[in-house]
Amino acid sequence: MSSITKHPDGELLGPWTRLAIGERIRARRVASGLSQAALGSPRTRSFVSQVEHGQIAPSLASLFAFAERLGLDPADLIAGVKSDTPN
């Protein structure tokens, strides 16, 4: 069996995990004074909004791009995020 398991909704990350990551991205973006469009380019502002609201999980490439623009190590955006449980 794979070490990567899917959440019952079919996603690799469950809704609480996506929300926790999205909240970290949003908090750092706001603190940095970046707009969603500036953070996401060439991705859309809508994509960034969906990530920040936990509606979708960013791809690894998107996570790395966000971290670079936010001046973070990508691990900072996911460090300490536990299993899919409410905060």
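A salt bridge is a side-chain nitrogen of Lys or Arg within 4 Å of a carboxyl oxygen of Asp or Glu. In this predicted model, a search of the whole structure finds one such salt bridge, and it is formed by R29 and E52, whose closest N and O atoms are 2.5 Å apart.

**The salt bridge**
- Because R29 belongs to helix α1 and E52 to helix α3, the pair ties together parts that are 23 residues apart in sequence.
- Residues count as buried when their relative accessible area is under 20%, so R29, with a value of 8%, is buried, and E52, at 4% relative accessibility, is buried as well.

**Helix α3 and its surroundings**
- Helix α3 runs over residues 45–52, and its buried residues are F47, V48, S49, V51 and E52.
- The cover over the buried residues of α3 includes α1 (15–32), α2 (36–40) and α4 (60–70).
- After α3 comes G54, which has a positive phi, near 75 degrees.

**The largest nonpolar core**
- In soluble globular proteins, nonpolar side chains tend to be buried together.
- The largest nonpolar core of this model has 12 residues in all, among them I21, I25, F47, V48, V51, L63 and F66.
- Helices α1, α3 and α4 are the elements that give two or more residues to this core, and α4 gives the most, with four residues.

**The largest pocket**
- The largest pocket holds about 190 Å³ of space, and its lining is made up of L13, T17, I21, P58, S59, L60, L63, I78 and V81.
- Helices α1 and α4 each supply at least two residues of this lining.
- By type, the lining residues divide into seven nonpolar and two polar, with no charged residue.

**A79, after helix α5**
- A79 lies in the segment that comes after α5 (74–78), and with a relative accessible area of 44% it is partly exposed.
- A79 and I21 are 58 residues apart in sequence, while in space they are 9.3 Å apart, C-alpha to C-alpha.

Methods: Residues numbered from 1 in each chain as written. Predicted model: local features only at pLDDT ≥ 70, side-chain atom pairs only at ≥ 80, totals over all residues. Heavy atoms only, no water. Buried < 20%, exposed > 50% of the residue type's maximum accessible area, 1.4 Å probe, protein only. Contact = heavy atoms within 4.5 Å. 1 Å grid on protein atoms, 1.4 Å probe; cavity = no way out; pocket = protein on both sides within 12 Å on 5 of 7 lines; lining within 4 Å. Points joined across faces, edges and corners; volume = space filled by probe spheres on them. Nonpolar A, V, L, I, M, F, W, Y, C, P; charged D, E, K, R; others polar. Core = buried A, V, L, I, M, F, W, Y, C linked by side-chain atoms within 4.5 Å.
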